[in-house]
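Q: I have a model open and would like to learn how to read its features one at a time. Could you walk me through it?

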Amino acid sequence: MTIDTVTDVFEEHRPVLVGVAYRMLGRVADAEDVVQEAWLRWSGADRSEVREPRGYLVRVTTRLAIDRLRQVKARNEAYVGPWLPEPYVTDFGDMVPDTAERAVLADSVSLAVLVVMESLSPLERAVFVLREAFGYPYAEIAAMLDKGEAAVRQLSGRARKHVEERRPRYDVDPVQRRDLTERFLAAAADGDLEGLMSMLAPDVRLVGDSGGKSQAPLRVIETADKVGRFLVGAARKGISHMSFRLLELNGGPALLVLSGDKPDSVFQLDVADGRIQSVYVVRNPDKLQSLAA
């Protein structure tokens, strides 16, 4: 291969590699670091023996992500307050034309699922991502991880059961979620407690992630009354030169709050039966850097 061809092949598969790494790690910067390391391995490899570049690159990326995940888990043990994944701009574009496949990819990158996946072991998480999000056959996953196929099937079954038992119930209808997100913004900005309460499920939960670097609840807030009053109080305090943007993050509509041109926070909602079941608030400035553009 020429240098241009080597680069072109890697860039062709970069979106998939970033998708695998982010689902493994829940951090954009860590995912980009892993993909950069995969590029170094690819550019220095003996590619004459690589029959299927995508499979090779996914294998390298997955193994690097497993190693990085073990480091991240140790780092997260000292995290201040609740932990949420770093918001990730999702735009599958022409890469995924099928609606059903888009729904699977969006679900596998949702905040709710990524939070549950944090409690999986690195190997369980790798198998879950490769099987459930990207549809790799068990035999290929086994070859990628140097494991027996029977062991991979066992890991997959255990991981799937764990995620299904612990994931919150929510609807993925993007139109409904966007409508509720817009109404949520209007009610919170106006300090309309009654309007907010009409949208919140009785057992709604608000999870705030500040990492101890900005103001956010250090514990999960539960019940419609407490969540509604917290949101109205926060809106009344406000931030300087505040503006809003609606964009797609983690496979669904989200609200980006800006202070001037600087990202201040991200709000995303889980919706079921026409009511808001969960409110996720990311205010850790380290997790908002990728949204600065």
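A: Gladly, and let's begin with pairing: two strands pair if DSSP finds at least two bridges between them. Helices (H or I, at least four residues) and strands (E, at least two) are themselves DSSP runs, numbered from the N terminus. Here, the hairpin of β3 and β4 has 2 residues between the strands, and Asn250 in this hairpin takes a positive phi near 50 degrees.

Q: Before going on, what kind of model is this?
A: This is a predicted model, where local features need pLDDT of at least 70 and side-chain atom pairs count only at pLDDT 80 or more, while totals for chains, interfaces and linings use all residues. Residues are numbered from 1 along each chain as its sequence is written, and side-chain values use heavy atoms, with hydrogens and water left out.

Q: How should I read the confidence, and where is it lowest and highest in the chain?
A: pLDDT is the predictor's confidence in each residue, from 0 to 100. The chain has a mean pLDDT of 89, and 93% of its residues reach 70 or more. Confidence is lowest in helix α4 (residues 99–108), with a mean of 71, and highest in β2, at 97.

Q: Back to strands, then. What is the order of the strands in the open sheet?
A: As a general idea, strands of a sheet pair through backbone hydrogen bonds, either parallel or antiparallel. In this model, an open sheet of 6 strands runs in the order β2-β1-β6-β5-β4-β3, with mixed pairing. β2 and β3 stand at the edges with a single partner strand each, so one side of each has no neighbour in the sheet.

Q: Which strands does β1 pair with, and in what sense?
A: β1 and β6 run parallel and are joined by 6 bridges; for example, Gly208 has Val281 in β6 as its bridge partner. With strand β2 (residues 221–222), β1 pairs in the antiparallel sense over 2 bridges. There, Leu206 stands opposite Ile221, and Arg205 stands opposite Glu222.

Q: How many residues of β1 are buried?
A: Buried means under 20% relative accessible area, exposed over 50%, and partly exposed in between (1.4 Å probe, protein chains only). Strand β1 (residues 200–209) is mostly covered, as 7 of its 10 residues are buried.

Q: How do I read a helix such as α9?
A: Start with its span: the expected value is 1.5 Å times one less than the number of residues. Helix α9 (residues 174–190) has 17 residues and reaches 24 Å from its first C-alpha to its last, close to the expected 24 Å. Next, look at burial: Arg177, Leu180, Thr181, Phe184, Ala187 and Ala188 are buried. Seen down the axis of α9, these buried residues fall within an arc of 135 degrees (taken from the directions from the helix axis to the C-beta atoms), so they line one face of the helix. Val175 and Asp190, on the other side of α9, are exposed.

Q: What covers the buried residues of α9?
A: Contact means heavy atoms within 4.5 Å. The cover of the buried α9 residues includes α10 (193–199), α11 (224–237), β3 (242–249), β4 (252–259), β5 (262–272) and β6 (275–282).

Q: Which residues touch the most other members of the largest nonpolar core?
A: A nonpolar core is a set of buried Ala, Val, Leu, Ile, Met, Phe, Trp, Tyr and Cys residues joined through side-chain atoms within 4.5 Å. The largest one has 68 residues, of which Met24, Trp42, Met117, Phe134 and Val266 touch the most other members. Its largest share, 11 residues, comes from helix α1 (residues 3–25). Apart from this core lies another, of 22 residues, including Phe184, Leu206, Leu231 and Val279.

Q: Which residues other than glycine have a positive phi in a loop, and are they exposed or partly exposed?
A: Thr223 has a positive phi near 85 degrees and sits in the loop between β2 and α11. At 33% relative accessibility, Thr223 counts as partly exposed. Asp273 has a positive phi near 55 degrees and belongs to the loop between β5 and β6. With 58% relative accessibility, Asp273 counts as exposed.
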